[in-house]
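Have it open while you read.

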Amino acid sequence: MSEEVSHHAGLASYNFAYLDEQTKRMIRRAILKAIAIPGYQVPFASREMPMPYGWGTGGVQVTASIIGMEDVLKVIDQGADDTTNAVSIRAFFRKVANVAVTTHTKDATIIQTRHRIPEEKLRENQVLVYQVPIPEPLRFLEPRETETRKMHALEEYGLMHVKLYEDIAKNGRIATTYAYPVKVAGRYVMDPSPTPKFDNPKMHMSEALQLFGAGREKRIYAVPPFTEVVSLDFEDHPFEIQKFDKPCALCGAENVYLDEVILDDRGGRMFVCSDTDHCEERREQGHAGHLLGKQKEAAE
Amino acid sequence: MTDTPLLKVRDVSKFYGNRIGCSNVAFDLWPGEVLAIVGESGSGKTTLLNCLSTRLMPTTGTVEYQMRDGGYRDLYHMTEAERRFLMRTDWGFVHQNPADGLRMTVSAGANVGERLMAIGDRHYGKIRETASNWLERVEINTDRIDDQPRAFSGGMRQRLQIARNLVTGPRLVFMDEPTGGLDVSVQARLLDLVRGLVNDLGLSAIVVTHDLAVARLLSHRMMVMKDGHVIEQGLTDRVLDDPREPYTQLLVSSILQV
């Protein structure tokens, strides 16, 4: 473990969890407001973070504002704990907050995520922090911010269905597979960040608090625990999640979100759990998919 | 026709600083009636139309609208939510430039269906069926239903805009130079179509135009505007055949004869 930064004697040192206390206070206020109005996008004075926009500056600010000494942090990127983004953000908080980190979903109290919700059911004492690139679900349909705000205020959401209509007209089904719009607590239409629509049902009545931070767009929104989250659809084209033909090639799990992995240049491929922690845990428990063990040979 | 007006306009004025947009306009519009507002460029026609359709707040005046339940509501004292709801259900607004009234990047079907979805229709099949019926009514081939308006000609776009506005069965339609920018043969076809629809549906309409021929074909009654003032109003045929004001006489006599 690295030394706690706040205890450094020198001039150039960081406050606990990088952000100064005034900033954290401002962000916490935004978070409280967001929780009070589920799905409503609360503007906040986003700070520059020591990372580029698009890498999770919003999520990092939310995490930095809510994290405490006792917290255990898990960071995932597209479901994986071991990709660049996840590793660096984890290292960042180890350094600036000196908190315990983990890759195990059930041990974590704060999970910062980019584009996935863990397969394991989240519990009451956990907080899921999403990194959000574009918080406005209506953005690509209506470019004017003044107009989209008004549409939210007056609950004019017909346009959202125009998008779904276009999907069906072009593809014969609702072809939106990620950032699938949801209605929160029967009021605000919300972009669940670019998570696959596979994860949408997990947001509904979730026991864990869900916070969304968009750094570049300077918005925070939230879904409090036990809140209704309904995916938009048509009566004759109901919402459906992705289905996979095969179970995970490594752990044999079914009903989980799978990633395609190219194995060689001769068309070899396998489908494995996108949630790496879930996959590892299952393998430890003795579950095996049809390619487990062969994976190394293929790599060699 | 019923014996109460659909729209009661009283003393509507709009000033842009010291300049007059329109001044002291008052009239009643009856159900099923088409009113044309004519005049030269800059005479305040469009300002007046925007005031009446609440797209612009007038400096003074009241406009009362008879709601579907028969009661009158002052348009300028409604909440924004009520006004916007009225605008997308009971009213239509046909812009001169179809690109202002259409969503150019979504298909024709979705353009027509948008209002239906906005008032809560959630059945794809039914929305599509209604959209395709409306495309037929405005003489657009139903096999173009999935094409974007970008791929449409000017006349088709204007007809699509009309379909999009009429799909919720509005009672009042505002039109701002609906035939502007179209060539003459297309204009004639569009006018024919609009006249048919207005008759079939019993619509009331307020049409702004500088083209007296459009007024003659479409409207029952007309108002002539100059420098923000209404200088003459009456039945269309009367005003065109027997203009009283010197300016109206000038306007009528300057129509090109072929």
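The points below take confidence first, then each chain, then one residue.

1. Ground rules. This is a predicted model, in which local features need pLDDT of at least 70 and side-chain atom pairs count only at pLDDT 80 or more, while totals for chains, interfaces and linings use all residues. Residues are numbered from 1 along each chain as its sequence is written, chains are lettered from A and ligands numbered from 1 in the order in which they are written, and side-chain values use heavy atoms, with hydrogens and water left out.

2. Confidence. The model comes with ipTM 0.85 and pTM 0.86. Where pLDDT is low, the predicted coordinates should not be read in detail.

3. Chain A, overall build. Chain A has eight helices and 12 strands (DSSP runs numbered from the N terminus: H or I of at least four residues for helices, E of at least two for strands). Its radius of gyration is 20 Å, close to the 19 Å from the globule rule for 300 residues, so chain A is as compact as a globular protein of that length. That radius is taken over C-alpha atoms, and the rule is 2.2 Å times the number of residues to the power 0.38.

4. Chain A, inside and out. Some 52% of the 300 residues of chain A are buried (under 20% relative accessible area, with exposed over 50% and partly exposed in between; 1.4 Å probe, protein chains only). Chain A carries 37 positive and 44 negative side chains, with the centres of the two sets 4 Å apart (Lys and Arg positive, Asp and Glu negative; His and chain ends not counted; charges placed at NZ of Lys, CZ of Arg, CG of Asp or CD of Glu).

5. Chain B. Here I find 10 helices and 10 strands. The radius of gyration of chain B is 18 Å, close to the rule's 18 Å for 258 residues, so this chain too is as compact as a globular protein of its length. Buried residues make up 53% of chain B.

6. A residue to look at. Phe234(A) sits in the loop between strand 10 (229-231) and strand 11 (258-262) of chain A, and counts as buried at 1% relative accessibility. Leaving aside neighbours within four places in sequence, its contacts (heavy atoms within 4.5 Å) include Tyr165(A), Ile168(A), Met117(B) and Tyr124(B). Phe234(A) and Ile168(A) are 66 residues apart in sequence, with C-alpha atoms 9.9 Å apart.
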